[in-house]
Amino acid sequence: MFQQLFKSIQEKVTLTPEEMELCKTFFIPKKLRKKQTLLQEGDICIYNAFVEKGILRSFSMDEKGNEHIVQFAIEGWWITDLSSFLTNSNSIYTIEALEDSELLLLTTEAREALMDRIPMFERYQRLLLQNAYIANQVRINSALTETAEEKYTNLGIAYPGIVQRVPQHMIASYLGLKPETLSRVRKQINNRSSF
């Protein structure tokens with residue numbers, strides 16, 4: 001159950017076998033069925049979730065009932081409402097499984113204790129936050145400056161294989177596009193690649 005997590009950690013820092021065994025004791029394994037939620041908008045987020053298997057999405061709803069997807073989390077990724085998780089405030093997001101999923105959950109208290117016990121885990125967490133901040137800047141720039149085709153192409157780079165696993169209306173929501181715009185973009189790309 002910890003294969004993806006240790007792969008993720010070892011890509012950024014080195015843990016001893018003893019530290020890896022200790023690390024396991026801080027996580028709560030959890031299985032979610034497709035369409036089951038990990039977090040509901042308005043609740044306080046008590047977990048930072050690592051995806052061992054499956055795919056999740058984080059989204060909000062506007063006053064008209066439209067979904068706005070802010071993140072997908074595939075195998076090897078973390079997902080949470082970071083603001084709610086760190087400040088104990090009400091979440092503005094819902095986190096839902098798009099496939100049957102296997103997660104490793106970390107509470108705020110467990111995260112703090114784990115960082116105290118294993119200093120390299122704190123470094124790992126810092127690197128994750130640093131990379132998340134950079135990814136947010138890239139996403140904002142993408143939303144402001146990229147064409148629909150560039151957004152779609154870059155999605156495939158950031159989330160390999162996602163277009164085969166996620167319904168197109170959700171891909172459109174994540175990219176900030178209307179479904180018909182995404183359909184047109186995909187058709188243009190497919191027409192060019194068939195020559």
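**Figure 1. Helix 5 and the lining of the largest pocket.** Helix 5 supplies 13 residues to the lining of the largest pocket, the largest share from any element. The structure shown is a predicted model. The space within this pocket amounts to about 1500 Å³. Its lining comprises 45 residues, and those closest to the pocket centre are Gln-71, Trp-77, Ala-132, Ala-135 and Asn-136.

**Figure 2. Elements and residue classes around the largest pocket.** Two or more lining residues are given by each of helix 1 (3–10), strand 5 (67–73), strand 6 (78–79), helix 3 (82–87), helix 5 (119–145), helix 6 (148–158) and helix 8 (168–175). By class, the lining of the largest pocket consists of 21 nonpolar, 15 polar and 9 charged residues.

**Figure 3. The largest nonpolar core.** This core contains 22 residues, of which Leu-5, Ile-9, Phe-27, Phe-121 and Tyr-124 have the most contacts inside it. Helix 1, helix 2 (17–24), strand 8 (101–106), helix 4 (108–117) and helix 5 each give two or more residues to the core. Helix 5 provides its largest share, 4 residues.

**Figure 4. Surroundings of Ile-9, and a separate core.** Ile-9 is one of the residues with the most contacts inside the largest nonpolar core. When residues up to four places away in sequence are not counted, Ile-9 touches Leu-15, Cys-23, Phe-121 and Tyr-124.

Key: Residues are numbered from 1 along each chain as its sequence is written. This is a predicted model: local features need pLDDT of at least 70, side-chain atom pairs count only at pLDDT 80 or more; totals for chains, interfaces and linings use all residues. Side-chain values use heavy atoms; hydrogens and water are left out. On a 1 Å grid over the protein atoms alone, a cavity is a set of points where a 1.4 Å probe fits but cannot get out, and a pocket is an open set with protein on both sides within 12 Å along at least five of seven lines; lining residues have an atom within 4 Å of a point. Grid points are joined across faces, edges and corners, and a volume is the space filled by probe spheres set on the points. Ala, Val, Leu, Ile, Met, Phe, Trp, Tyr, Cys and Pro count as nonpolar, Asp, Glu, Lys and Arg as charged, and the others, Gly among them, as polar. A nonpolar core is a set of buried Ala, Val, Leu, Ile, Met, Phe, Trp, Tyr and Cys residues joined through side-chain atoms within 4.5 Å. Buried means under 20% relative accessible area, exposed over 50%, partly exposed in between (1.4 Å probe, protein chains only). Contact means heavy atoms within 4.5 Å.
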